[in-house]
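Here's a quick briefing on how two chains meet and what spaces they leave. Have a look at the structure first.

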Amino acid sequence: MMPDHSQEQASASLPTFPLTLNINGETRSLEIDIRTTLLDLLRERLNKPGTKKGCDHGLCGACTVSVNGERVVSCLTLAASIDGSDVLTIEGLADGAELSSLQQCFLEHDGFQCGYCTPGQISSAHAMLAEHARGDLSMVSFETTREAVLTGQLELTEHEVRERMAGNICRCGAYANIVAAVRAADQRGRA
Amino acid sequence: MAPEESSVGKEVNRVEGHAKVTGSALYSADFHFPNLAYAALVQSEIPNGRVEAESLRTSAERASRAPGVLFVLTPLNCPPLNVLSRDLTFDLPLERRPPLSDLSVQHVGQHLAMVVANSPENATDGVSLFSLEYVEAAPQLSAEEVLSQPVPADEKNGQIRHGSYLPDHFVKLTEEKLQDHRGPAEASPSTFQVDSTYTTPVNAHYPIELASTIAFWEEGKLTVHDSTRWIAGERKALAGYLGIPEADIRILSPLVGGAFGSKSFLWMHVALTAVAARELQRPVKLVLTRDQMFSSTGHRPRTKQRIQLSAFEGGLIEGSEHHTLTETSTVAHFCEPAGLSTRFLYHSPRLAVSHQVARINAPTPCFMRGPGEAPGLFALESAMDELAYSAGMDPVQLRVLNHADIDQTNGKTWSTKHLLECYEQGRKKFGWEKRTMAPRSMTRDGVQIGWGMATATYPGRRMPAGCRVITNVERGVEFASATHEVGNGVRTVMSQVAADACGLPMERVSFASGDSFFPDAPYSGASQTTATVGSAVYKAAMEWQQRVKQLVISDAASPFHSHDPAALTITAGVVHSADGFSVGLWELLRTFDTTTVEHALTFDVQSDAGDQEKFAFQSFGAHFCEVEVDEEIGRATVTKWVAVFDCGRVLNPKLARNQIMGGITFGLGMALLEQVPYDAKTSLLIGEYYLPTHADRPDFDISFIDKPDYALDPIGVRGIGEIGACGVPAAIANAIFHATGKRLRDLPIMLEQLMKPFPESTPHMEAV
Ligand code: FES
Ligand code: FES
């Protein structure tokens, strides 16, 4: 159940902002404190605690979500700055009871231990696979052929995944399994 | 290989894995309550002195007037909290001084006030309105300063202490002697020596989940959702601080987002959250900031370790000395027990181990993954490498030569020990025979290559624990214990153990943790959970099977009515009689009276610590690694890792490998990246704490000897949480020596050290 702050907020003389977001396919309109980050909005006001806070200043990647299809760290995203956007969180990746292939691969490859970085790792990987598919390059891409770099037709190698996922820290150290899970999901996506 | 019908030994997925990949897994801060208020902490900015009461008063008033602020707690209005009992503070790192109990400041990051508001933004804003003034006193910021300066008198009846001391033993374990010796005092003249000093910095556990608490009161009873890894200890500490019975406190620790030794012992912020919730009569939530995690949930303290190894010609060790100087705070006891394993790891007729602890103006340290062994084996295993080079011997050969066949600290034999197999298998897998001994003798693509190795060790431990069994004819059998799922996979492996011992498929059993209403279990640390809670679960499941057999023979309508229970077996959910008759157990139970079944099959058991008198219990392993050193840019990259472990039976190889990889990655961070960046003069945080990322980890080849140790516990396990990290920094430092010829004895090994020109003229280099 969510606390009802509306009365208390109104009595405080701070400016509020009318915000509309489409979150996991559902439109939500509410008045927010202009200082609210997307992360706190999701966790504290919209009852979507799947997205995690690990540092609150852009270091760890635990809070990664997609905004209009691009990954962002939600702790550094002011909610008021993305009015009208589509937000995709970990809660929106599965199709009902059916896990997405990325989620299924994380489960099978044991791509986590404590699981706290996991929503961020999966959300980040989800958007990263789309970046890769449309031909976005990484630092590592330049170690391949000229042809691959020019066409953006790059194999998603282990090295590529490690480079492209470097912003998501896993203190439990499940990195090798995370990479295996992402690559397996990529293979399944192609199959 | 595990037999077909057993769950143990199989690569079972984590039972809470589905929840973890869908975001539905709930951690402490994920719970919501009506009317929830949000707390934020104000912390001290000086290492020693006194905060001016007037500045506290005016700051608190200013914050109270800010939008949405509901309450401000300071030492000026905090209801007095009790001093914890000596039992909790004299050999454990709980603070002797209650939080907000005076105006004295003993370190940067000490709690000075808590602001509670109707939203996280307003609480944070309230904190920003604080502007504190201090009367500063000269701090003592290092062991060196403490040892060279006069010792100030105790304050507050011994709650604040200064100077240094020589602790006798580690935690409550009187046999783990921190001051120890055997054999003659002096080295035999016919030996040669390695005499080196190693240092390790302040390390932070850095779990990705921030420490989080939600507290509320109902009719005088306190409920706390907390990211703790020691429910029973927290309940005791809160009861102590608040002066209420333990029975009036419920602690819930659903899933914990990593702990690694933190999220325990330092519960001052939890006590303050409970106080605020009581004052406000509404639920209060506190999430520490990442910076506060450095000061308020413990850390691994600095160590300076001197090791002297003396050996005869040919490499046989004659004597070992390991002297550690480390630090704690002025308000709590902790000793990083770096020298403990030097007492027994190698054959050594002469031994001297000491630990001296200096009380400095810094936050209270505590256990961190591989307490003692992680920094201690960095020193010992580096020194062994130095000895190998002094003796002109292969580092593995030197270790094999000095293998300890018994535990020399007490003369006991090991319950099981397969360290020699670890060396042998590890070196084969790694291809160690291709290593050329001389430093700087291996290169690839223009960079230096080094191969290093180290021994790993960590004690096998077991403590008493309880387990509840609740049988529901619809759902199955739930096992429950007040242990904690911190990522160690306890829910999964306990389900496996329970399923096998009951004779049920895994789908019929579950394991719940994280509630103080369940029977007590110890802290999730010291690599003891699987042996400890596993023993309780095993006992409970065996008891369950006995009770089931009684039921199926006593019910008049049962096909096994009046059978001899000893002649019945239950496997994979099917009851078999000696004459080959089989019936599905669950179908059978459903034909009985539900209340009778559920009543008979719902009970608590308590298991003890087992018989630990006869044997010494210790896990072992061997690390082999390759490091590439690019000297032009001062970068060391760990490229390949082979590790073989002897940790008793492996219940779930998939989870075990993952945990060991995590341990090695943890040790890699310690070797090359991690140190809490305190400014040496102000002791303020001045930078970031670097952690291993996807880009930093090597390719792993991890394996287990997988031979059970039934002397420690009935399931044959010894625990794997810590050992992965132990020995890792030395293996890396030894590889760097091999690559560069530089013997680097100060962690973390960074660019500056790697870029120093070669050769470096140290006495050790000349010995090579
Ligand atoms: S919480 Fe946003 S990056 Fe760490
Ligand atoms: S699974 Fe624990 S931090 Fe990644």
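Chain A and chain B bury about 5000 Å² between them, with carbon and sulfur atoms giving 55% of that. Buried area here is the accessible area (1.4 Å probe) that two parts lose on being put together, summed over both. This is a predicted model, so local features need pLDDT of at least 70 and side-chain atom pairs count only at pLDDT 80 or more, while totals for chains, interfaces and linings use all residues. Residues are numbered from 1 along each chain as its sequence is written, chains are lettered from A in the order in which they are written, and side-chain values use heavy atoms, with hydrogens and water left out.

**The interface**

- On the chain A side, A:Q113, A:R162 and A:R171 lose the most area to chain B, together 17% of what that side buries.
- Counting contacts (heavy atoms within 4.5 Å), 57 residues of chain A and 64 residues of chain B take part.
- There are 7 salt bridges between the two chains, each being a side-chain nitrogen of Lys or Arg within 4 Å of a carboxyl oxygen of Asp or Glu.
- A:E44 pairs with B:K285 in a salt bridge, at 2.9 Å from N to O.
- Helix 7 of chain A (175-190) gives the most to the side that touches chain B, with 5 residues; helices are DSSP runs (H or I, at least four residues), strands likewise (E, at least two), numbered from the N terminus.
- By class, that side of chain A has 28 nonpolar, 15 polar and 14 charged residues. Ala, Val, Leu, Ile, Met, Phe, Trp, Tyr, Cys and Pro count as nonpolar, Asp, Glu, Lys and Arg as charged, and the others, Gly among them, as polar.

**Cavities**

- On a 1 Å grid over the protein atoms alone, a cavity is a set of points where a 1.4 Å probe fits but cannot get out, and a pocket is an open set with protein on both sides within 12 Å along at least five of seven lines; lining residues have an atom within 4 Å of a point.
- Of the 17 residues lining the largest cavity, B:E95, B:H107, B:Q110, B:H111 and B:M268 lie nearest its centre.

**The second largest pocket**

- This pocket has a volume of about 1100 Å³.
- Helix 4 of chain B gives the most to its lining, with 7 residues.

Notes: Grid points are joined across faces, edges and corners, and a volume is the space filled by probe spheres set on the points.
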